[in-house]
Every structure is written in C-alpha cells, then in structure tokens.
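Here is a briefing on the structure shown below. Please keep the sequence and the 3D view at hand while reading.

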Amino acid sequence: MSKSIPSQPILQVENLKIYFPIRRGFWGKQVGEVKAVDDISFAIEKGKTLGLVGESGCGKTTTGKGILRVYQPTSGRIYYKGTDIAEMSKAQIRPFRRQLQLIFQDPYGSLDPRQSVQAILTEAITTDRQRHSAAQIKARIEELLQAVELDLSMSDRYPHEMSGGQRQRVGIARALACDPELIVCDEPVSALDVSIQAQIINLLKKLQHSRGLTYLFVAHDLTVVYHIADVIAVMYLGKIVELMDAKDIYANPLHPYTKALLSAVPITDYAVERQRKRIILKGEVPSPINAPAGCPFHPRCRFATETCQQAMPKLTAVGGGHQVACHNLKQVTD
Amino acid sequence: MEQRRVLEVKNLKTSFFTPTGEVKAVDDVSYHLHEQEIIAIVGESGCGKSVTQMSVLQLIQSPPGKILGGQILFEGKNLLDYAPKSQEMRRIRGAGIAMIFQEPMTSLNPVYTIGEQLTEVIRTHTKCSRKDAWQIGVAALEAVGIPDAQERMRNYPFQMSGGMVQRVLTATAIACRSKIIIADEPTTALDVTTQAQVMELLLSLVEKYKTSIIVVTHNLGLVTRYSHRVYVMYAGKIIEAGATEDILMHPWHPYTRGLLECVPNLTEDKERELVPIQGAPPRLQNLPPGCAFKPRCTCVSGLCRDEFPTLRRIGPNEHWVACHLDAEVSQA
Ligand SMILES: Nc1ncnc2c1ncn2[C@@H]1O[C@H](COP(=O)(O)OP(=O)(O)O)[C@@H](O)[C@H]1O
Ligand SMILES: Nc1ncnc2c1ncn2[C@@H]1O[C@H](COP(=O)(O)OP(=O)(O)O)[C@@H](O)[C@H]1O
Ligand SMILES: [Mg+2]
Ligand SMILES: [Mg+2]
C-alpha cells in the first residue's frame, strides 16, 4: 500500500483501564479486582487496521468491548473522531452505537438460532429507527448478502443450517447493516479451518477497501495479524508491551515477550523454519488477579533485573513509530 | 535413523452407519511409523484424521462405527485380531500406544486427583506397589516440567490449566513407557507459547525414550518444525505422503498446494493475497465416483470425474501422490 498523508486518527485511546471487581459471599462484598486492561494507549487511523495480539486472558476482548462501551472503562479516554466517548451516558452514546460494530469469534453463539438470516439482517438494518419500506429492506438485504458473497437464497436459512464460514459471513453482514466506520473483529477466523480462514480474511480486506472501514483486529494468531494489520500492538497481562508497524514484527521485534511469541509460531517456509532459533518460555502467564509488580513479564523473562520487579517500564518510542516497554532494551537487542 | 517400523497400518477402512447412510470416514488408509520418528497427519476438519487414530486403538464407538477391514501391525501382531475390550487391547492402550486428545480435560476423571489417576494407570501396566507407582508418577511429572510435582499429584484436573493437563497426559505415557504417542491436535486448544512448550516436550521424548510420535494437526507450521514425514488426508483418504521437506517445498497435489497457499507466512510479503481453497470439504457420504477433491480443484481433467486416482510414487524419494495431474501441470 502507498504511504498516505498523515491523518487524524479515527480512534484514540489514552490510558484506558478496565478493572472487574471480584465479589465474594452473599452480599457480594468486593474482595479484589481483575486488572483486565491496565493503562493502555493507542490510536488507529481511518481506513487502517490495528492488530491486537497476545495470549488468552491478556485483555484483548476486554479492550475491544471497552471501546464499544459494552464494558464501562474504569478510567481513561476513548476519543472517537475527536469526541471522548469513555464516560458518555447511554443516551449520549446512542448516536455512535451504529458506527461502532463488533464481529465475534463464534458466530454461532452470537446469532439467534431462532432467527433466519433475513430476520437477523432486518433487525440490524432497522436499529436506526428510521422508516423503511419492505422493498427497501429487501433491497438492502440483497446488497448486504452480495457484499459478503453469500447466495441470495441464504436469506431463508437459519444459523444451524450453515457452515462456520457462512455463519461468519452473516455476522459480517449484520455488522455492515449499520454502515459502521469502525469494526472490532474479535478473533473472527480463529474457529475456522485454514482454507475458510483465507476466504474470510480476503473478504474483510476487500470490504475495508471498498467501504473505507477501520478495524481493530483482535487475534492470538500472529501470522493472521501480520497479514491483515497495518500496526500491531502486543499485549501481555493487560498491558501493551510493544507497538509497531506490522512489517517490523518479524523483521525487528524488540520486546523479549514479542520475540518469544514470534519464535513460538512455526512458519511454513521450510528452509527458514529449520534454521530458526527457538525461545521456549518457562512457566505460564500469571493470573491478572495477582499480577506481578513491575513489568508483568519479569517472572518469565531471561533479562529481568531488579528494576523490572519494581517498576513498570514505560512504552517508549524507538523511532519509526515503534514503541517498546522494556527496561533492558540494550541487553535484549545485543 | 534406523528404519524399523514400529507401527504399520494397512488398508484401514472405518465407516459409521447412520440413519442417512454409510459415512466412509476412513477409506483404505495405509501409513507407517519408524522408530524415533515424528509423523504428521494433516488435513481440514472432518477428513477422517481422528477416526483413523481412534481405529488404531479400537476406540471407535460401535454402533454406529465399524472397522470394516485392514491390518494394524504393532510388535508383530495385528491389533485387529484382538477384541476392543480384550485384555491385550487394554494393555496396548496404556503401555504400547498412548493417545493424547485435543480436549485433554475429557481424558481425565474429574473426581479423582492427578496422583490417584497416575498411580492407577501405572499399576495396571507395571507390577509395582502403590508407593512405587506414586514415586514413578512424581518422577514423570517432573520429567514433563511440572513444578512442585508432589503437590500437583494431590490436585484435581480442574485445578490445572489446559497446558498443564496436556503435560500430565504426556507424563502418563512416559510413566507407562509407551512406545508410541498419538497426539490428536495436542496444541489446538492451547496458547502459542504453551503449544511450543508441549511440542518441545514431545520432541524431547523422542530423544530420551526413543518414543515415536504421530501428530494429528491442521497447523502446517507445526508440521514444518517438528515432523519428519507428512501424510495429507482428504475425504477419508491419504492423498499425498512424503518427507516433510518434499511436501513443503514441492507439494504436488492441488489440495496440498492449496493448504500452503491459503495461510499467511511471516517470511513473505504481507500484501500477498491469500489464495483460499474454494468451497468446503465434502460430507463423507454418497461420495460420487472419481476424485473427491474435484469440486474444489483448479486443474480438473476428464479422468478426475470417473476414476479415483490411486497413490503413485513420484520422483526418486518416497513421495507419493493420489492425483491424475502429470508432472508439467503440477510444477507449473
Ligand atoms: N466480565 C468479566 N468479569 C470478570 N473478569 C473478566 C470479565 N471479562 C474478562 N475478565 C477477565 O479479564 C482478563 C482478560 O480477559 P479477556 O479480555 O477476555 O482476554 P482475551 O480476550 O485476551 O483472552 C481475564 O483474566 C478474564 O478472566
Ligand atoms: N460417531 C459418529 N457418527 C457418525 N459420523 C461420525 C462419527 N464420528 C465421526 N464421524 C464422521 O467421520 C468423519 C471424519 O471425522 P474425524 O475423523 O473426526 O475428522 P477429523 O479428525 O479429520 O476432523 C466426519 O465426516 C464425521 O462426521
Ligand atoms: Mg478474547
Ligand atoms: Mg479430529
């Protein structure tokens, strides 16, 4: 893609925190909190894709749902086209609802099994509370099915009568029905077979070009994110540890966690794969309920020093739009 | 590498007899496994990978399933000569061939501790005291890198993560001195860094205990990194087989090539358009004659419609393919 003129980001997230209370007992007394998203900042330009990668439980879904205001942020700002929507009331947020849409990992769980495709799409189309004639709705459904490359005969089908790939196309059509500007795609291909994954990824890219869509693309599969995203943010235990141009994730990963994640993903290029160095991490991701102090990665990091146990390193620019949160960058890159 | 075959499957056929007809899940499948070798069985879901492996251990639910024919040669015996519930099969399932499933939680009993289950299995396969079995169990947990093994023996499965349970099952195989481990999508439910841990663990068993491993997966990356040879399955049949290098560098069958072209790769230009395989795998019922891949194939000829292509050897190496395509077209 050609270098475009720098533009105002369509979405700018600043110091976002989303904590879930942990309650115990009959009275639901709060005994602690899960710091699911802990002080993250990033921006997405219009028409671009930000890929959010990390292992399960690191806070990807919570980030996506926080931006859509499905979850109430604990603190921080979410500027959508310059307006902070983080603390808006239900009524204030309503005009933005249709512009911000979500595509789920499991279209089966997110589609009402008792509704036909036609009913699902009609419902989405009419959320704008405008008057629509039956003919207008019919034409719109046809347009949407064409956009997601489903046969028009699909409109009478129910979710259980479709394949996983077809259901995901319906999920995409439902999101498009609202004429959104920004779509949070939460693991949209993770449950699909590889050949079907490619069909859906190509479709999402095509729709992005033809409709100028902006994506927050959440996934745990680094190769998929590399392919679809312009910018990648790597998350670990509620924090962004590295943020970079997608091309740099393979060419120039800096954070020890990013390197380990990258090394753990085998690649299908035989000659390269057989030469690659493998970094095998010890232990498992700690629970965010009692996340380690300092850098969340330090208990598993080969380079950890005393500083890492005490202070969370700041996400720091290292040039070329590349940001890393690590105290020991010098040692790590040597 | 010594080329002794520790397992040989010949012309295996398994079907499910459902109200709507016969589902030919495994249709004349042959493969073998050498000592200290890791082989991979790849293909999309529903193509018969799991049913093939379950047939080897006679774990097919019957009815509706039935092994219709073939031979499974292990330690000089044809396992199909034994009844599924026989003493011999039970012994083989633990001490001979161990299986690790995709959903590891379902392989453990939720109401017993890890230690109770481990010692139980160890004692059915080795004549030893409860105390000795416990020690063997602890050692096996330590061997698979589980910290505080003594403590962990007292845990229930739900108190462990998916990666941890996967390691417990591997420990069981070590404790029973299984010769072969069949790992069915062992890492699909796990996070990538945990996936890497589990795969490295399996790899270490090959070196340490001379174990041989069958990995069933749809992840071609895992295949590239860990397997010596690959069998590609489609619609209940093996359609290509060979050394990993040959399959990945010179795939022949349009399906194998399709599988490689539809996945993004970190080493290539990220703007390359992915080439999906059109459509979806067929249901394995009332398959029309000819090649099962033809509705999705980009290079169909007249032969493909009527005649099923049998596996034939191509090139000097052990590279086999079931496709009517001739060399010029395939390499174009
Ligand atoms: N509604 C909720 N209530 C309490 N804890 C939650 C809730 N949703 C998510 N969490 C916790 O927040 C953390 C991040 O979860 P999530 O955002 O779903 O991660 P990811 O999508 O990266 O797998 C996890 O520890 C999870 O258990
Ligand atoms: N109990 C069963 N009854 C009927 N059909 C079955 C049963 N188990 C598996 N099958 C069929 O056998 C075929 C192969 O399944 P499987 O071996 O699980 O595929 P894979 O492991 O490659 O995803 C599928 O078409 C599936 O529908
Ligand atoms: Mg999630
Ligand atoms: Mg399977």
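Predicted model: local features only at pLDDT ≥ 70, side-chain atom pairs only at ≥ 80, totals over all residues.

Chain A has 13 helices and twelve strands. Chain B has twelve helices and twelve strands. Over all chains, the count of salt bridges comes to 24.

**Overall build**

- Chain A has 334 residues and a radius of gyration of 21 Å. A compact globule with that number of residues would have a radius near 20 Å, which agrees.
- The C-alpha atoms of chain A fill a box of roughly 70 × 60 × 45 Å along the principal axes.
- In chain A, 51% of the 334 residues are buried.
- Chain B has a radius of gyration of 21 Å. The globule rule gives 20 Å for its 332 residues, so chain B is as compact as a globular protein of that length.
- The C-alpha trace of chain B spans about 65 × 50 × 40 Å along its principal axes.
- Of the 332 residues in chain B, 55% count as buried.

**A salt bridge between the chains**

- B:Arg225 pairs with A:Glu273 in a salt bridge. The closest N and O atoms are 2.5 Å apart.
- The pair joins two chains, because B:Arg225 lies in helix 8 (residues 220-226) of chain B and A:Glu273 in helix 11 (residues 270-273) of chain A.
- Are these two residues buried or exposed? B:Arg225 counts as buried, at 3% relative accessibility. A:Glu273 also counts as buried, at 1%. The cut-off for buried is under 20% relative accessible area.

**Salt bridges within a chain**

- A:Glu149 forms a salt bridge with A:Lys206, with 2.6 Å between the closest N and O atoms. This pair links distant parts of the chain, 57 residues apart. A:Glu149 sits in the loop between helix 5 (134-147) and helix 6 (164-176) of chain A, and A:Lys206 sits in helix 7 (residues 194-211).
- B:Arg272 and B:Glu268 meet through their side chains in a salt bridge, 2.7 Å from N to O. B:Arg272 is partly exposed at 24% relative accessibility. B:Glu268 is partly exposed too, with a relative accessible area of 23%.
- Salt bridges also form a network in chain A. Its linked residues are A:Arg140, A:Glu143, A:Asp179 and A:Arg211.
- As background, side chains of opposite charge can pair when their charged atoms come close.

**Positive surface patch**

- Which residues gather in a patch of positive charge on the surface? They are A:Lys90, A:Arg94, A:Arg97 and A:Arg129.
- A:Arg97 belongs to helix 2 (residues 90-97) of chain A.
- A:Arg97 counts as partly exposed, because its relative accessibility is 37% and the partly exposed class runs between the 20% limit for buried and the 50% limit for exposed.

**A covered helix**

- Helix 10 (residues 256-264) of chain A is mostly covered. Eight of its nine residues are buried.
- The buried residues of this helix include A:Pro256, A:Tyr257 and A:Thr258. A:Ala260, A:Leu261 and A:Leu262 are also among them, as are A:Ser263 and A:Ala264.

**Backbone exceptions**

- Most residues other than glycine have a negative phi, and most peptide bonds are trans. The cases below depart from that pattern.
- A:Glu149, named above for its salt bridge with A:Lys206, has a positive phi of about 60° although it is not a glycine. A:Glu149 counts as partly exposed, at 41% relative accessibility.
- B:Gln36 is not a glycine either, yet has a positive phi of about 60°. B:Gln36 lies in the loop between strand 2 (21-34) and strand 3 (38-42) of chain B. With a relative accessible area of 25%, B:Gln36 is partly exposed.
- The peptide bond from B:Ser62 to B:Pro63 is cis, with omega near -10°. B:Pro63 is in the loop between helix 1 (49-56) and strand 4 (65-74) of chain B.
- The peptide bond from B:Pro63 to B:Pro64 is cis as well, with omega near 10°. B:Pro64 is placed in the loop between helix 1 and strand 4 of chain B.

Note on methods
Residues numbered from 1 in each chain as written. Chains lettered and ligands numbered in written order. Heavy atoms only, no water. Patch = residues over 30% accessible without salt bridge, like charges linked within 9 Å, V, L, I, M, F, W, Y side chains within 5 Å. Areas by Shrake-Rupley, 256 points an atom, 1.4 Å probe, with all protein chains shown as cover. Salt bridge = Lys/Arg side-chain N within 4 Å of Asp/Glu carboxyl O. Lys, Arg positive; Asp, Glu negative; His and termini not counted. Charge placed at Lys NZ, Arg CZ, Asp CG, Glu CD. Helix = DSSP H or I, 4+ residues; strand = E, 2+ residues; numbered from the N terminus. Buried < 20%, exposed > 50% of the residue type's maximum accessible area, 1.4 Å probe, protein only. Rg over C-alpha atoms; globule rule 2.2 N^0.38 Å.
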